[in-house]
Amino acid sequence: MNRRQFLQGVGAFSVLVAGGGVYRAVNQGVFSSGTGPAFDAWSDWQSSSEKGPIRMIQAGILASNPHNTQPWLFEVAGNRIDLFADTSRHLGSMDPYLREMHIGLGCAIENMMLTAAADGHKVELTLANGILSPPAANPQMTKVASFTLSPAAKVQSPLYDAIPKRHTNRFNYDANRTISDNALAELLALAKDEPEIKIFLYQKGSSDYQTFAQVTVTSTETIISDHTMAHDSFAWVDQNWQEMQNDKDGPYIDTSGSSPALRTLVKMLPATSQEQFDAGWLSNTKDHMESTAVVGFIAVPDLYDRAMAMQAGRMWQRVHLWATSQNLAMQPINQMPEVVDRDRQLGRASTVPGVMDSLTGEPQWRPTFAFRMGHPINETLPSARRPVEEVLI
Ligand SMILES: Cc1cc2nc3c(=O)[nH]c(=O)nc-3n(C[C@H](O)[C@H](O)[C@H](O)COP(=O)(O)O)c2cc1C
């Protein structure tokens, strides 16, 4: 926050009090975070007595997903659940081939599989195959996975216990703490039985980390200077409390990694412009690269294979749940893969794929997801969710 923003904030606060604006402030959620109907899905999960398909869907909707678009719909018939991609919720030029959408669907699948095991169901899971392509002009529902349940012994894993505690942490992390070698080995082992997934990690201080950080920052600049991408990204950001409580989706200031004081000010000030949002994103990305212990990629053999994208999503959810169980913080930082998609869409050549190849040293593995991790300094808040009733067909 610069001096001008601070003075604006002080001014807004004076007006708020002098004008008897406390009612308005309450209405704008200035004094509330993480409460209200948009967060009921998190408390429903804790209090639910459901055991079958609905319980699995209650877990699915708490999963990580791109820009909090929650691009899922579910249909239940007896002991079977079908999962559909809701392409009306796509991110436009930020995700032109629906690759990130399918990663998000994979995240939901992972939560559902962990829940099935904990509740005593064996699952026959079928993932749709095929090549990802730009969405049709008319939004469609595409079936991407089916779960058929049968009885089995209960298996409750620490990852299952982490489902309601996992939140994306966009704060700076402790710059003075590294991640132990044991923890990194455990993380890599999460992918050991997955022939189509490979995880690459880079520790702060290495030249590879430096390259990863620099190209993440320049990729952020590429996205910001691409008006269409910047617009498509910003379109999902909730500008105020009421909008967030109504839509129950999208990113919101409370989960942006800002301090409580700044969050309060932003809620009182006029709506943030796209330019202010982008400037904040770039500056945060630079800061994050200074305070992060480890960055990494999840890679697959083919970026645009539908089933592989969902497998990568299952892996990200697993990694993030594991980190949560270890009290480690994580945030996806996908600017590099997003630029690769946009290059392909525009038929443009950029240096990003070559940089990623040099980082992995194994060009047969295509990084489809990038993330950072470290020891947290700040607690994170949950993000909004549409409840089960709103995503059941
Ligand atoms: C495919 C995918 C891409 C994502 N990319 C980013 C990203 O680049 N930056 C970021 O801050 N969060 C990113 N996220 C995290 C989502 O924004 C986050 O999961 C969503 O807002 C819900 O919040 P939660 O994870 O706290 O539940 C991504 C998540 C997925 C699944």
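The protein contains 16 helices and eight strands, where helices (H or I, at least four residues) and strands (E, at least two) are DSSP runs numbered from the N terminus. The model is a predicted one, in which local features need pLDDT of at least 70 and side-chain atom pairs count only at pLDDT 80 or more, whereas totals for chains, interfaces and linings use all residues. Residues are numbered from 1 along each chain as its sequence is written. The radius of gyration is 21 Å, close to the 21 Å that the globule rule gives for 393 residues, so the protein is as compact as a globular protein of that length; the radius is taken over C-alpha atoms, and the rule is 2.2 Å times the number of residues to the power 0.38. Along its principal axes, the C-alpha trace spans about 65 × 50 × 45 Å.

The domain assignment gives domain 1 (49-161 + 387-391) and domain 2 (164-374), with bounds that come from an automatic or database domain assignment. The C-alpha centres of domain 1 and domain 2 lie 21 Å apart.

Strand E1 (residues 72-77) and strand E2 (residues 80-86) run antiparallel and are joined by six bridges. Within this pair, Phe-74 stands opposite Leu-83 in E2, and Trp-72 has Ala-85 of E2 as its bridge partner. The hairpin of E1 and E2 has two residues between the strands, and Gly-78 takes a positive phi near 60° there. On to the next pairing: E2 and strand E4 (residues 141-151) pair in the antiparallel sense over seven bridges, and Arg-80 stands opposite Thr-148 in E4.

E7 and strand E8 (residues 366-374) pair in the antiparallel sense over four bridges, and Ala-329 stands opposite Gly-374 in E8.

Where the two domains meet, 35 residues of domain 1 are in contact with 34 residues of domain 2, contact being defined as C-beta atoms, placed from the backbone, that lie within 7 Å. On the side of domain 1 that touches domain 2, the elements that give two or more residues are H5, E4 and helix H6 (158-161). The largest share of that side, ten residues, comes from H5. By class, the side of domain 1 that touches domain 2 has 18 nonpolar, 13 polar and four charged residues; Ala, Val, Leu, Ile, Met, Phe, Trp, Tyr, Cys and Pro count as nonpolar, Asp, Glu, Lys and Arg as charged, and the others, Gly among them, as polar.

The ligand can now be placed in this picture. Domain 1 and domain 2 both give residues to the shell around the ligand, so the ligand lies between them. This shell holds 19 residues, of which the closest are Ser-64, Asn-68, Pro-332, Asn-334 and Ser-383; a residue is near a molecule if its C-beta atom, placed from the backbone, lies within 6 Å of it. Helix H5 (99-118) and strand E7 (329-332) each supply at least two residues of the shell, and H5 gives the largest share, four residues. The shell divides into six nonpolar, eleven polar and two charged residues.

Note on methods:
Two strands pair if DSSP finds at least two bridges between them.
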